[in-house]
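Morning, everyone. Have a look at the model first.

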Amino acid sequence: GTSGAAAAAPAPLPPLMAGSNDELLIYGLNAADRRSFLITLMRYGVQTGQTGVQPATYEPFIKKLATRPPQHIIAYCNLVINLMAEPPADAQPPPQQQGSGPAPVNAGNFSN
């Protein structure tokens, strides 16, 4: 027989991208889901720490997108965070301000 642990394993994630145009799914989230995600992101933000994203960070997104599996929402959230934190390939280091310590680091390229 199968063990109880195997039966409790979460289902695999859907593909990163499936479909096209109006039917595009990203980790199983459709356009309306992604719009709700962004509205929630703008309202609550994302709390990160030295160990990465804190588990409580996902709660508002999981509540807002209650019809979607939490692991899909967490995967999408991590994707968005990684894309926002990744500097653009052509990024120049920020200029140093005289006497005030290091300048803030660019959090990502939002102009795409």
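Start with G45: this residue follows α2, and its phi is positive, near 70°. This is a predicted model, where local features need pLDDT of at least 70, side-chain atom pairs count only at pLDDT 80 or more, and totals for chains, interfaces and linings use all residues. Residues are numbered from 1 along each chain as its sequence is written, and side-chain values use heavy atoms, leaving out hydrogens and water.

Now the helix itself. Helices are DSSP runs of H or I, at least four residues, and strands are runs of E, at least two, numbered from the N terminus. Helix α2 covers residues 31-44; at 1.5 Å a residue its 14 residues should span 20 Å, and the end C-alpha atoms are 20 Å apart, which agrees. The expected span is 1.5 Å times one less than the number of residues.

At the N-terminal end, N30 is the cap. Its side-chain oxygen lies 3.1 Å from the backbone nitrogen of A32.

Which residues of α2 are buried? D33, R34, S36, F37, T40 and L41. They cover an arc of only 160° around the axis, so they sit on the same side of α2. That arc is taken from the directions from the helix axis to the C-beta atoms. On the other side, R35, I39, M42 and R43 are exposed. Buried means under 20% relative accessible area, exposed over 50%, partly exposed in between, with a 1.4 Å probe and protein chains only.

What covers the buried side? β2 (25-26), α3 (59-64) and α4 (70-85) are among the cover. Contact means heavy atoms within 4.5 Å.

Definitions and conventions
A polar contact is a pair of N or O atoms within 3.5 Å; within protein, one must be able to donate a hydrogen and the other to accept it, and residues adjacent in sequence count only if both atoms are side-chain atoms.
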